[in-house]
Amino acid sequence: MLIIPTRSDLAAYSFQITLDGDIFIFAFRWNTEGEYWTFDILDFASNPLIVGVKVVINYPLIHRYASDLLPKGEILAVDGSSKLERIGREDLGNVVQLVYLTQAENDAFIWSGHKCAGRWEVIPE
């Protein structure tokens with residue numbers, strides 16, 4: 001499991017990250033009208049792979065996108081407080097951590113109707 005670095009002090013930002021040996025660009029945006037975070041995943045050459053994924057708690061965020069170009073694992077937004085129903089502007093990177101599960105970790109996890117049947121806890125190293 002890898003914690004994807006996120007921040008809530010900027011309404012829009014992007015960064016490069018290596019997942020499973022491949023370099024991706026993540027771009028995050030806060031939607032002020034809908035009051036939610038979205039992200040895009042781009043390849044190393046800045047070609048969009050998926051765009052406008054809404055960040056929701058304890059739900060597999062990239063499972064529905066079928067592409068060999070995407071990361072092989074899964075991305076989850078984990079609520080460290082277990083109290084949130086939605087992610088607020090200041091929550092991402094603070095109360096809510098975005099985590100990447102490798103394909104092996106994702107395969108080992110039990111899913112129930114695409115909602116987490118278990119509870120992921122982000123434990124600092």
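**Close-up views of a predicted model**

View 1. Ser 8 is buried, with a relative accessible area of 7% (buried means under 20% relative accessible area, exposed over 50%, partly exposed in between; 1.4 Å probe, protein chains only). The model is predicted: local features need pLDDT of at least 70, side-chain atom pairs count only at pLDDT 80 or more, and totals for chains, interfaces and linings use all residues. Residues are numbered from 1 along each chain as its sequence is written, and side-chain values use heavy atoms, with hydrogens and water left out. Ser 8 belongs to the loop between β1 and β2 (12-19); strands (E, at least two residues) and helices (H or I, at least four) are DSSP runs, numbered from the N terminus. The side chain of Ser 8 forms a polar contact of 3.0 Å with the side chain of Asn 94 (a pair of N or O atoms within 3.5 Å; within protein, one must be able to donate a hydrogen and the other to accept it, and residues adjacent in sequence count only if both atoms are side-chain atoms). A polar atom of the Ser 8 side chain also lies 3.5 Å from the backbone oxygen of Glu 90.

**View 2. Strand β7 and its partners.** All 6 of the 6 residues of β7 (residues 96-101) are buried, so the strand is largely enclosed by the rest of the structure. Val 96, Leu 98 and Tyr 100 are buried on one side, and Gln 97, Val 99 and Leu 101 on the other. Strand β1 (residues 2-4) runs antiparallel to β7 and is joined to it by 3 bridges; two strands pair if DSSP finds at least two bridges between them. Leu 2 stands opposite Tyr 100. Strand β6 (residues 74-79) pairs with β7 in the antiparallel sense over 6 bridges, and Glu 74 has Leu 101 as its bridge partner.

**View 3. Stacked aromatic rings.** Phe 15 and Phe 28 form a stacked pair, 6.0 Å centre to centre with 10° between the planes (rings of Phe, Tyr and Trp, the last by its six-membered ring, pair if their centres lie within 6.5 Å; planes under 30 degrees apart count as stacked, over 60 as edge-to-face and the rest as tilted). Phe 15 lies in β2 and Phe 28 in β3, so the pair ties together parts 13 residues apart in sequence. Phe 26 and Phe 39 are likewise stacked, at 5.9 Å and 25°. Both Phe 26 and Phe 39 are buried.
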